[in-house]
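Please open the structure in your viewer and keep the selection tool at hand. The stops below are meant to be followed in order.

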Amino acid sequence: MDIQELRQQVLDICKKLPLFGLVTGTAGNVSARDQDTGLVAIKPSGVPYESMVPEDIVVLRLDGSIVECRGGLKSSFETPTHLEIYRRYEQIGGIIHTHAKYVNTIGCVFDEIPCGTTPTGVRLLKQNVPVIDFINNGTQEMADRVAPVLADHVAVEIRNHGPFTIGETVQLALERAVALEDTSEIFFQASLLGTPSLIGETAT
Ligand SMILES: [Zn+2]
């Protein structure tokens with residue numbers, strides 16, 4: 001895949017985050033890795049989703065060195081966490097971080113987000129999503145605490161902040177980000193009415 005294709009892939013997913021209600025303003029971030037070259041394309045910091053163009057997407061090597069970055073822009077604030085995940089897990093091709101409201105709502109109260117409100121939640125998330133304590137944004141500490149959890153989970157919620165989802169492709173990471181918000185919303189609403197029924201983590 002050439003660099004322009006990789007950038008376009010990230011841009012296309014970036015544009016969907018506000019449409020799915022997963023972010024507001026310039027919050028959240030998306031990255032994708034090209035498995036042939038090992039290069040990572042990531043959302044820039046502080047650029048509104050509506051006006052973002054392919055040339056705004058920053059291209060990096062796994063060590064954080066810049067391959068292409070339009071003048072005046074910086075890569076996403078959460079770049080250290082994205083790169084740490086790619087360095088640890090070679091099969092991962094895409095990562096998404098959002099500030100999804102219902103995920104944050106459940107994460108403020110519970111230690112895991114139930115995936116079993118629907119079969120789609122179980123199929124995409126595979127198991128309940130762990131919630132880890134708040135960590136200051138954009139730090140290596142965040143990278144060091146988030147990445148290990150993803151050894152045996154496809155998503156993790158940072159309490160009072162938001163979730164990271166991963167996938168072999170960035171499209172799959174998006175589907176998981178949406179499924180996580182959906183199961184959180186259903187769980188929240190069901191909890192208002194009674195005790196939510198949940199299907200097994202192994203259901204498909
Ligand atoms: Zn964030």
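Begin by selecting L6, R7, V10, L11, I13, C14 and L17, which are buried residues of α1; buried means under 20% relative accessible area, exposed over 50%, and partly exposed in between (1.4 Å probe, protein chains only). The model is a predicted one, in which local features need pLDDT of at least 70 and side-chain atom pairs count only at pLDDT 80 or more, while totals for chains, interfaces and linings use all residues. Residues are numbered from 1 along each chain as its sequence is written, and side-chain values use heavy atoms, with hydrogens and water left out.

Now display the whole of α1, residues 3-19. Helices (H or I, at least four residues) and strands (E, at least two) are DSSP runs, numbered from the N terminus. Helix α1 has 17 residues and spans 25 Å from its first C-alpha to its last, close to the 24 Å expected at 1.5 Å a residue; the expected span is 1.5 Å times one less than the number of residues.

Next, select K43, in the loop between β2 and β3. Is K43 buried or exposed? With 2% relative accessibility, K43 counts as buried. Beyond its neighbours within four places in sequence, K43 has contacts that include V10 and C14, as well as T26, A27, G28 and N29; contact means heavy atoms within 4.5 Å.

A pocket is an open set of points, on a 1 Å grid over the protein atoms alone, where a 1.4 Å probe fits, with protein on both sides within 12 Å along at least five of seven lines; lining residues have an atom within 4 Å of a point. The largest pocket holds about 160 Å³ of space, a volume being the space filled by probe spheres set on the points.

Move to T24, in the loop between α1 and β1. T24 is exposed, at 58% relative accessible area. Its C-alpha atom is 9.1 Å from that of A100, 76 residues apart along the chain.

Finally, select the zinc ion. Which protein donors does the zinc ion have? They are H97 (NE2), H99 (NE2) and H161 (NE2), at 2.0 to 2.1 Å; donors are N, O and S atoms within 2.8 Å of the metal (3.2 Å for Na, K and Ca), and water is not among the atoms, so sites may look incomplete. H97 is buried, with a relative accessible area of 1%, whereas H99 is partly exposed at 30%.
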